[in-house]
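Start with the packing, then move to the metal.

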Amino acid sequence: MKSVEEFLVYAARLEQEAALRFDELADVAASFANTEVATFFRQMAYFSRLHLEEARKRGGFHDLPEINPGQFQWPDAESPEAAAIWGANPHMDVHQAMAVALDAEQRGLAFYADVLAQSDDPEIKAMAREFVEEEAEHVAAIQRWIARLAA
Ligand code: ZN
């Protein structure tokens with residue numbers, strides 16, 4: 001990350017995609033009539049939108065800066081959260097949906113942790129640390145659900 005703004009563009013994009021995918025997972029959960037899980041995924045979508053808003057405000061962008069996909073340099077070809085959630089298909093069961101969500105959040109966490117480790121800009125590090133903490137909470141929340149569903 002070369003600048004705070006660049007970091008915020010990535011963060012905003014990542015959270016935007018996470019919000020969309022959690023909405024998809026919520027729709028899937030609603031289709032197999034698991035209201036609690038659907039509600040949980042909606043909450044996760046809501047938190048992702050809060051993050052998106054925060055990144056947008058801090059970056060001072062009114063709209064998300066347009067960056068053409070080729071210019072984004074994610075560790076993988078796609079943004080971490082979107083890549084993992086691509087598998088959201090209407091036939092998955094609740095366990096598969098949770099596994100997909102967990103994978104996505106772990107990749108998001110890894111992305112922010114990587115920025116935190118690689119950057120030596122104190123402002124970028126401070127923001128990356130906040131995102132790391134929040135993503136770690138998301139991972140823990142999903143793991144609690146997985147344990148609960150397995151019980
Ligand atoms: Zn998250």
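Contact here means heavy atoms within 4.5 Å. The model is a predicted one. By that cut-off, H1 meets H4 through Phe-7, Tyr-10, Ala-11, Leu-14, Glu-15, Phe-22 and Leu-25 on the H1 side. The H4 side supplies Ala-97, Val-100, Ala-101, Glu-105, Gly-108, Phe-111, Tyr-112 and Val-115. By class, these residues are 12 nonpolar, 1 polar and 2 charged. The axes of H1 and H4 come within 11 Å and cross at roughly 175°. Angles over 145 degrees count as roughly antiparallel, so H1 is roughly antiparallel to H4.

Now turn to H5. Helix H1 covers residues 4–31, and helix H5 covers residues 122–150. Their axes come within 9 Å and cross at roughly 20°. Angles under 35 degrees count as roughly parallel, and H1 and H5 are therefore roughly parallel to each other. H1 passes H5 in a left-handed crossing. From H1, the contact uses Val-4, Phe-7, Leu-8, Ala-11 and Glu-15. From H5, it uses Glu-123, Ile-124, Met-127, Ala-128, Phe-131 and Glu-135. The class count for H1 with H5 is 8 nonpolar, no polar and 3 charged residues.

H4 has a further partner, H2. Helix H2 spans residues 35–59, and helix H4 spans residues 94–118. The two pack at an angle of about 15°, with their axes 12 Å apart. That angle makes H2 roughly parallel to H4. Their crossing is left-handed. H2 contributes Val-37, Phe-40, Phe-41 and Met-44 to the contact. H4 contributes Val-94, Ala-97, Met-98, Ala-101 and Glu-105.

Next comes the metal. Which residues coordinate the zinc ion? The donors are Glu-105 (OE), Glu-135 (OE), Glu-135 (OE) and His-138 (ND1), at 2.0 to 2.7 Å. Glu-105 is part of the H4 contact with H1, and Glu-135 is part of the H5 contact with H1.

In sequence, the donor residues follow the spacing E-x29-E-x2-H. Glu-135 and His-138 lie 3 residues apart in H5, so about one helical turn separates them.

What is the arrangement of the donor atoms? Ideal angles for four tetrahedral donors are 109.5 degrees. The 4 donor atoms around the zinc ion subtend angles of 50 to 122°, which makes the arrangement irregular. To count as tetrahedral, all angles would have to lie between 85 and 135 degrees.

Key: Residues are numbered from 1 along each chain as its sequence is written. This is a predicted model: local features need pLDDT of at least 70, side-chain atom pairs count only at pLDDT 80 or more; totals for chains, interfaces and linings use all residues. Side-chain values use heavy atoms; hydrogens and water are left out. Axes are lines fitted to C-alpha atoms, for helices over the stretch in contact, and angles run from 0 to 180 degrees between N-to-C directions. Helices (H or I, at least four residues) and strands (E, at least two) are DSSP runs, numbered from the N terminus. Angles under 35 degrees count as roughly parallel, over 145 as roughly antiparallel, 65 to 115 as roughly perpendicular and the rest as oblique. A crossing is left-handed if the near helix is turned anticlockwise from the far one by less than a right angle, and right-handed if clockwise. Donors are N, O and S atoms within 2.8 Å of the metal (3.2 Å for Na, K and Ca); water is not among the atoms, so sites may look incomplete. Four donors count as tetrahedral if all angles lie between 85 and 135 degrees; four count as square planar and six as octahedral if opposite donors are over 155 degrees apart and all others between 65 and 115; anything else is irregular. Ala, Val, Leu, Ile, Met, Phe, Trp, Tyr, Cys and Pro count as nonpolar, Asp, Glu, Lys and Arg as charged, and the others, Gly among them, as polar.
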